[in-house]
Amino acid sequence: MVFVSILPQKYFAEKIGGDLVDVSVMVEPGANPHTYEPKPKQMVALAKANIYFAIGVPFETTWLEKIAATNPKMLVVHTDAGIKKIPMKTHHQESELEHDHHSIKDPHVWLSPPLVITLAGNMLKAFLRVDPAHRSIYEKNYNSFMKELVVLDGEIRATFKGKGKDVEFMVFHPAWGYFAQAYGLEQIPIELEGKQPKAAQLQSLIQYAKERGIKVIFAQPQFSRQAAQAIADSIGGQIVFADPLAADWERNLRQVASKFKAALK
Ligand code: ZN
């Protein structure tokens with residue numbers, strides 16, 4: 001049995017492990033990986049796990065050591081190893097806050113197909129180490145997953161081709177930085193330092209959106225959509241629901257890309 005921190009990792013682990021793996025997810029559906037606290041029954045279940053796939057989401061900062069300590073035989077793998085993290089972005093006009101925030105690295109690496117190639121490579125290595133007898137199966141699964149990723153990446157690239165440089169979108173919780181980086185988009189966060197914007201900040205965001213012709217506001221189920229809706233209403237734009245933690249990772253990215261493209265028209 002293997003443990004992962006978030007649902008999209010279950011998708012990756014099952015792609016590579018196929019029928020050989022049984023995957024448990026730490027952050028339960030609907031819960032927030034920034035603030036999650038493992039349940040006692042999950043800490044117990046860790047005793048049966050062979051591998052824990054960490055990915056660098058914030059709750060791991062507090063919990064990963066405790067998780068590792070519950071089962072010393074379990075291999076703890078930092079699947080985000082080798083990924084160059086970008087700073088979490090705040091709204092450009094909040095220069096003081098932005099300065100502080102630059103030290104915080106963006107954890108949302110799983111939303112960029114090119115970075116998932118790195119995540120999957122680290123997972124493959126761990127499977128081969130823990131279960132070398134099934135090497136050929138893991139490698140075969142991994143290779144077909146890589147092919148799927150290349151196709152997906154090409155499709156999303158084609159979706160945004162010809163859209164011009166620096167297409168901006170606003171998003172309540174800035175989870176799409178690596179996605180934006182991969183496809184030549186720019187995300188403007190509404191949330192500031194993990195908090196709802198105040199009235200004055202909301203006004204400045206609305207002003208900015210109007211000036212820049214921003215028409216798309218991303219929102220996600222784990223966070224309030226109130227601020228996103230207020231901005232969308234004021235600019236005549238629309239909310240695009242984009243879940244960074246969907247279980248069907250690939251289908252979700254396709255849907256997000258096509259909803260986003262539709263909203264840009
Ligand atoms: Zn997040």
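In helix H1, the buried residues are Leu7, Pro8, Gln9, Tyr11, Phe12, Ala13, Ile16 and Gly17, where buried means under 20% relative accessible area, exposed over 50% and partly exposed in between, with a 1.4 Å probe and protein chains only. H1 is thus mostly covered, with eight of its eleven residues buried. Helices (H or I, at least four residues) and strands (E, at least two) are DSSP runs, numbered from the N terminus. The model is predicted: local features require pLDDT of at least 70 and side-chain atom pairs count only at pLDDT 80 or more, whereas totals for chains, interfaces and linings use all residues. Residues are numbered from 1 along each chain as its sequence is written, and side-chain values use heavy atoms, with hydrogens and water left out. Just after H1, glycine 18 adopts a positive phi of about 50°.

Two packed helices are described by the angle between their axes and the distance between the axes. The axes of H1 (residues 7–17) and H5 (residues 113–130) come within 10 Å and cross at roughly 55°; axes are lines fitted to C-alpha atoms, for helices over the stretch in contact, and angles run from 0 to 180 degrees between N-to-C directions. H1 is therefore oblique to H5, since angles under 35 degrees count as roughly parallel, over 145 as roughly antiparallel, 65 to 115 as roughly perpendicular and the rest as oblique. On the H1 side, the contact (heavy atoms within 4.5 Å) is made by Gln9, Phe12, Ala13, Ile16 and Gly17. H5 contributes Val116, Leu119, Ala120, Met123, Leu124 and Phe127.

Threonine 79 lies in the loop between strand S4 (75–78) and helix H4 (95–101). At 1% relative accessibility, threonine 79 counts as buried. Leaving aside neighbours within four places in sequence, its contacts are Gln9, Phe53, Ala54, Ile55, Thr118, Leu119, Asn122 and Met123.

The model also holds a zinc ion, coordinated at 2.0 to 2.1 Å by the NE2 atoms of His34, His108 and His173. Donors are N, O and S atoms within 2.8 Å of the metal (3.2 Å for Na, K and Ca); water is not among the atoms, so sites may look incomplete. In sequence, the donor residues are spaced H-x73-H-x64-H. Histidine 34 lies in the loop between strand S2 (23–25) and helix H2 (40–45) and histidine 173 in the loop between strand S5 (167–171) and helix H7 (177–183), so this pair ties together parts that are 139 residues apart in sequence. Histidine 34 is partly exposed, at 26% relative accessible area, whereas histidine 173 is buried, at 5%.
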